[in-house]
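Welcome! Let's look at the model together and ask what lies behind the words used for it.

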Amino acid sequence: MPSFIKALNSQVGRKIMTGITGIGLMLFLIGHLAGNLTIFGESDAFNIYTYTLESLGPLLYVIEAGLAFFFLYHAILGISIWRQRKKARPEGYTKYQTKGGPSHQSLASKSMIWTGIIILVFLVFHIMHFKYGLFSPDDGTTILESAGGVEARDLRALVIAEFQKPLIAFGYIAVLALVILHLSHGAWSAFTSLGMKHGETSKKVQIGAYIFAIVLMLGFIFIPLYIFITGGQGGLISY
């Protein structure tokens with residue numbers, strides 16, 4: 001057991017765990033986007049989605065605790081790797097070079113630590129904002145006819161109302177744009193840490209990572225942008 005922990009704490013071990021947790025978080029983002037897009041479905045589809053999650057009871061707390069662990073562990077690993085690299089690299093380098101091939105240094109890779117910190121702070125705000133409604137507590141309730149007439153929190157109304165506010169809508173869009181930067185390098189790094197880093201495979205993974213990050217985040221960005229532009233009255237929003 002001590003040797004296993006020692007392996008995890010090594011530079012290679014931390015890279016592998018960063019890749020594993022990163023892939024786990026990417027899968028979560030795909031599922032989260034699919035759920036969020038139900039806001040463009042039937043009038044109570046989004047509230048049924050959120051009500052279904054809340055009705056999981058204790059299981060939801062277990063899932064949320066697991067997600068929180070993944071996010072925090074991923075962040076801690078990223079910070080520790082960044083600190084190790086910073087400590088190992090002498091100050092005063094004017095040019096970055098890598099051994100054994102072309103450098104993959106880019107704006108995305110160089111800003112990973114900072115975009116990661118911003119995203120972590122944003123996540124705390126996001127949870128407080130929509131899950132707990134701390135900044136807009138008067139979101140009311142609605143009757144979910146499609147779910148047998150049960151009463152649920154009208155989170156859909158809260159989302160539509162909040163994204164009509166310029167500061168909220170464009171604040172979310174700005175952070176989601178940073179997520180594209182973080183995710184484009186993070187997705188490539190996650191798979192290369194798990195062995196896909198040779199020749200043409202690495203190039204294909206890198207291209208795939210950029211496409212994945214852009215498409216996924218454009219899906220998230222579309223929600224606040226569409227609601228803001230249409231004033232919450234667009235044809236994609238059913239009432």
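Q: What is the handedness of the crossing of α2 and α8?
A: The crossing of α2 and α8 is left-handed, in what is a predicted model.

Q: Why are α2 and α8 called oblique to each other?
A: Their axes cross at roughly 125 degrees and come within 8 Å. Roughly perpendicular covers 65 to 115 degrees and roughly antiparallel starts over 145, so α2 and α8 count as oblique.

Q: Which residues of α2 and α8 meet?
A: On the α2 side they are K15, I16, G19, I23, M26 and L29, and on the α8 side L183, A187, A190, F191 and S193. By class, this contact has eight nonpolar, two polar and one charged residues.

Q: What makes α2 oblique to α4?
A: The axes of α2 (residues 11–36) and α4 (residues 58–88) cross at roughly 140 degrees. Roughly antiparallel needs an angle over 145, so α2 is oblique to α4. This crossing is left-handed, and the contact of α2 with α4 has 10 nonpolar, eight polar and three charged residues.

Q: Why is helix α7 described as largely enclosed by the rest of the structure?
A: Buried means under 20% relative accessible area, and six of the eight residues of α7 are buried, so the helix is largely enclosed. The buried ones are L155, R156, L158, V159, I160 and E162.

Q: What is the average pLDDT of the chain?
A: The average is 86, and 86% of the residues score at least 70. Over residues 92–102, however, the pLDDT is below 50. Where pLDDT is low, predicted coordinates should not be read in detail.

Terms used: Residues are numbered from 1 along each chain as its sequence is written. This is a predicted model: local features need pLDDT of at least 70, side-chain atom pairs count only at pLDDT 80 or more; totals for chains, interfaces and linings use all residues. Side-chain values use heavy atoms; hydrogens and water are left out. Buried means under 20% relative accessible area, exposed over 50%, partly exposed in between (1.4 Å probe, protein chains only). Helices (H or I, at least four residues) and strands (E, at least two) are DSSP runs, numbered from the N terminus. Axes are lines fitted to C-alpha atoms, for helices over the stretch in contact, and angles run from 0 to 180 degrees between N-to-C directions. Angles under 35 degrees count as roughly parallel, over 145 as roughly antiparallel, 65 to 115 as roughly perpendicular and the rest as oblique. A crossing is left-handed if the near helix is turned anticlockwise from the far one by less than a right angle, and right-handed if clockwise. Ala, Val, Leu, Ile, Met, Phe, Trp, Tyr, Cys and Pro count as nonpolar, Asp, Glu, Lys and Arg as charged, and the others, Gly among them, as polar. pLDDT is the predictor's confidence in each residue, from 0 to 100. Contact means heavy atoms within 4.5 Å.
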